[in-house]
Amino acid sequence: MLQWYKVDKTSFYERNQIYEVEAGRIRVCIVQYEQGWKAFSRKCPHAGASFVTGWCEGEELVCSYHRHRFNLNTGKGCPGQGDFITIYPTKVENNDLYVGIEKSNSFFGKWFQ
Ligand code: FES
């Protein structure tokens with residue numbers, strides 16, 4: 001089941017700039033690019049760098065450390081990388097951004113989400 005979390009103060013966020021925000025009990029990265037808002041994993045799966053210093057090129061997110069690229073719609077890394085990121089659903093209601101996080105019902109999911 002999806003739980004929606006409002007992200008505060010997005011009207012102050014610059015377009016194409018990546019920010020790290022809280023969504024419930026986890027932290028995610030968000031960006032407003034040419035196709036609207038996207039929310040995704042905050043760390044790069046290649047070597048764990050933060051995506052905050054990365055950027056978007058078209059529909060791709062680029063990690064600033066070693067330039068791995070990820071599709072912002074599917075989360076898939078470019079061919080040959082063998083990695084992916086999690087893409088979280090977003091919605092805008094009354095000019096407020098919400099990020100959807102899957103709520104786990106398992107014991108470990110409740111404590112380690
Ligand atoms: S840490 Fe992101 S590409 Fe290496």
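These are my notebook entries on one protein structure, which is a predicted model.

**Entry 1: the sheet**

I began with the strands. Which strands make up the open sheet, and in what order? I found four, arranged β2-β3-β4-β8, with antiparallel pairing. As a reminder to myself, strands of a sheet pair through backbone hydrogen bonds. Next I looked at the edges, where β2 (19-23) and β8 (87-88) stand. Each of these has a single partner strand, so one side of each is left without a neighbour in the sheet.

**Entry 2: strand β4 and its partners**

I then followed β4, which covers residues 36-40. How many bridges join β3 to β4? I noted five, and the two strands run antiparallel. One of the pairings I looked up is Val31, whose bridge partner in β4 is Lys38. β3 and β4 also form a hairpin, with two residues between them.

Towards β8, I noted two bridges from β4, again in an antiparallel arrangement. Here Ala39 has Tyr88 of β8 as its bridge partner. I also checked how covered β4 is: four of its five residues are buried, so I wrote it down as mostly covered.

**Entry 3: the nonpolar cores**

Which residues have the most contacts inside the largest nonpolar core? My list reads Ile18, Phe40, Phe51, Leu61, Leu72 and Ile85, in a core of 14 residues. Strand β3 (residues 26-33) supplies the largest share of this core, with three residues. Apart from it lies another core, of 13 residues, and Ile26, Val28, Ala39 and Val99 are among them.

Leaving aside neighbours within four places in sequence, Leu72 is in contact with Tyr33, Lys38, Phe40, Cys56, Glu59, Glu60, Leu61 and Ile87. Two of these names, Phe40 and Leu61, were already on my list for the largest core.

**Entry 4: the aromatic rings**

I turned to the rings and found three aromatic pairs in the structure. Are the planes of Tyr13 and Tyr19 stacked or edge-to-face? They are stacked, at 4.1 Å centre to centre and with 20 degrees between the planes. Phe51 and Phe70 make an edge-to-face pair, at 5.8 Å centre to centre and with 80 degrees between the planes.

Where do those two Phe residues sit? Phe51 lies in the loop between β4 and β5 (55-57), while Phe70 lies in strand β7 (residues 69-71). The pair therefore ties together parts that are 19 residues apart in sequence. Both Phe51 and Phe70 are buried.

**Entry 5: Lys91**

My last stop was Lys91, in strand β9 (residues 90-93). Is Lys91 buried, exposed or partly exposed? Its relative accessibility is 28%, so it counts as partly exposed; the buried label would need a value under 20%.

I saw that Lys91 lies over the face of Tyr98, at 5.8 Å from the ring centre. The side chain of Lys91 also makes a polar contact with the side chain of Glu93, at 3.3 Å. Leaving aside neighbours within four places in sequence, Lys91 is in contact with Trp4, Asp96, Leu97 and Tyr98.

Definitions and conventions: Residues numbered from 1 in each chain as written. Predicted model: local features only at pLDDT ≥ 70, side-chain atom pairs only at ≥ 80, totals over all residues. Heavy atoms only, no water. Pairing = 2+ DSSP bridges. Core = buried A, V, L, I, M, F, W, Y, C linked by side-chain atoms within 4.5 Å. Buried < 20%, exposed > 50% of the residue type's maximum accessible area, 1.4 Å probe, protein only. Contact = heavy atoms within 4.5 Å. Phe/Tyr/Trp six-rings, centres within 6.5 Å; stacked < 30°, edge-to-face > 60°. Lys NZ or Arg CZ within 6 Å of the ring centre and 35° of its normal. Polar contact = N/O pair within 3.5 Å; in protein donor to acceptor, adjacent residues only side chain to side chain.
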